[in-house]
Amino acid sequence: MTKDSSESLAVSASPVTVFAPAKINLVLRILDRRTDGFHNLWSLMQTVRLEDEVVIRINQEHTDIRLRCDVPSLSVDHTNLVYRAAEAVLRRCERRVGVEIVLIKRIPMGAGLGGGSSDAAATIVGLDRALSLGWSSADMAQVGQALGSDVPFFFFAPSAVVTGRGEQVHSVRMAENRWVVLVNPGFSVETKWAYQELSSSRNQVRPLSDIHAALGRESGISWEQALEVAENDFEAPVFGAHPSLQEIKQALMAQGAEAALLSGSGATVFGIFRNEGEARKAQVHFQIQPRLKVFVVVASSGPLIVKS
């Protein structure tokens, strides 16, 4: 059997759809700068049920990567993480096949919700299924870590403690569940700028607390434990430049959130609620402001969802 014929037998003829969830950072500590120029971080991350869709089809009639997206402003060439993820998979598995991808966006871009990273992870998962590669989560995370710091997390979702540059991921089980109100202000915060502002605004790096370190060794964490120590190092510099984001956080707390926090480097602010009813009441408060994008979603309780 030739290599080409064996490859034709080892691919899915049907499209594979992967639902790529957004993430929030229940804790985000930015620690010391590494020798490679990046920062060490410590984050407790959680997926939420606001999802993009990545639809992948293998086409044996060409060997191109063809990406389409329902958002015209989003590039569909090698600058897109989805395109780069597909390139990385094909390079690692040494396959020459055509890959056609449709990306349906629902997660706001540049919002601190990890949409691009999740889409990249979903592409790797989808191609693993479509090409019958049989990779483990660790295999896929190794491919993903070269694409972005948040990518490895999604292979160990829904909840994990992420350390190092983002490549060290320790899955944890979050007991019970919560509802999340995501409030996006309609503008983005550039991650590079946020890091620069953080570095210039602090005299020293505050060490990781013993409480956070202890949580990182647990296999299971309650929401109460997580919310008691919720914090984000980016809030001080980002709120200083964008006071409206701090106002959103305060409004979420006033509406009954157990905790409210900036996600990632922003600009989305989220509030955690015990049930859907309380979350929907808070949603009404923000919906009267047309500039805001407001989502009410449940915290995800499982890994990336694949349909084929």
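Biologist: Is Tyr195 buried, partly exposed or exposed in this model?

Modeller: The model is a predicted one. A residue counts as buried under 20% relative accessible area and as exposed over 50%. Tyr195 has a relative accessibility of 22%, so Tyr195 counts as partly exposed.

Biologist: What kind of aromatic pair do the rings of Tyr195 and Phe234 form?

Modeller: A pair of aromatic rings is described by the distance of the centres and the angle of the planes. Planes over 60 degrees apart count as edge-to-face. The centres of the Tyr195 and Phe234 rings are 5.0 Å apart and the planes stand at 85°, so the pair is edge-to-face.

Biologist: How many residues apart are Tyr195 and Phe234, and where do they lie?

Modeller: Tyr195 belongs to helix α5, residues 191–201. Phe234 is placed in the loop between β10 (231–232) and α8 (235–241). The pair therefore links distant parts of the chain, and Phe234 is buried, with a relative accessible area of 2%. The separation of Tyr195 and Phe234 is 39 residues.

Biologist: How many aromatic pairs does the search of the whole structure find?

Modeller: Phe153 and Phe154 form an edge-to-face pair, with 5.1 Å from centre to centre and 65° between the planes. Phe153 is buried at a relative accessible area of 1%, and Phe154 is buried at 1% relative accessibility. Tyr195 and Phe234 also form an edge-to-face pair. The number found in the whole structure is two.

Biologist: What is the omega of the peptide bond from Gly266 to Ala267?

Modeller: Ala267 is located in the loop between β11 (259–262) and β12 (269–273). The bond from Gly266 to Ala267 is cis, and its omega is near 15°.

Biologist: What is the phi of Glu94, and where does this residue lie?

Modeller: Glu94 is exposed, because its relative accessibility is 58%. Its place is the loop between α2 (81–93) and β4 (98–104).

Biologist: What is the phi of Glu176?

Modeller: Glu176 sits in the loop between β7 (173–175) and β8 (179–184). With a relative accessible area of 61%, Glu176 is exposed. Glu176 is not a glycine, yet its phi is positive, at about 60°.

Biologist: What radius of gyration does the chain have?

Modeller: The chain contains ten helices and 14 strands, and its C-alpha atoms fill a box of roughly 65 × 45 × 35 Å along the principal axes. For 308 residues, a compact globule would have a radius of gyration near 19 Å. The value for the chain agrees with this: 20 Å.

Biologist: What share of the residues in the chain is buried?

Modeller: Among contacts with a separation of 6 or more, 76% join residues 24 or more positions apart. The accessible surface comes to about 13,800 Å², and carbon and sulfur atoms hold 49% of it. Of the 308 residues, the buried share is 51%.

Biologist: How far apart do the centres of the positive and negative side chains lie?

Modeller: The chain has 31 positive and 33 negative side chains. The centres of the two sets are separated by 1 Å.

Note on methods. Residues are numbered from 1 along each chain as its sequence is written. This is a predicted model: local features need pLDDT of at least 70, side-chain atom pairs count only at pLDDT 80 or more; totals for chains, interfaces and linings use all residues. Side-chain values use heavy atoms; hydrogens and water are left out. Helices (H or I, at least four residues) and strands (E, at least two) are DSSP runs, numbered from the N terminus. The radius of gyration is taken over C-alpha atoms; the globule rule is 2.2 Å times the number of residues to the power 0.38. Buried means under 20% relative accessible area, exposed over 50%, partly exposed in between (1.4 Å probe, protein chains only). Contact means heavy atoms within 4.5 Å. Accessible areas come from the Shrake-Rupley method with a 1.4 Å probe; for residues, only the protein chains shown count as cover. Lys and Arg count as positive and Asp and Glu as negative; His and the chain ends are not counted. The place of a charge is taken as NZ of Lys, CZ of Arg, CG of Asp or CD of Glu. Rings of Phe, Tyr and Trp (its six-membered ring) pair if their centres lie within 6.5 Å; planes under 30 degrees apart count as stacked, over 60 as edge-to-face and the rest as tilted.
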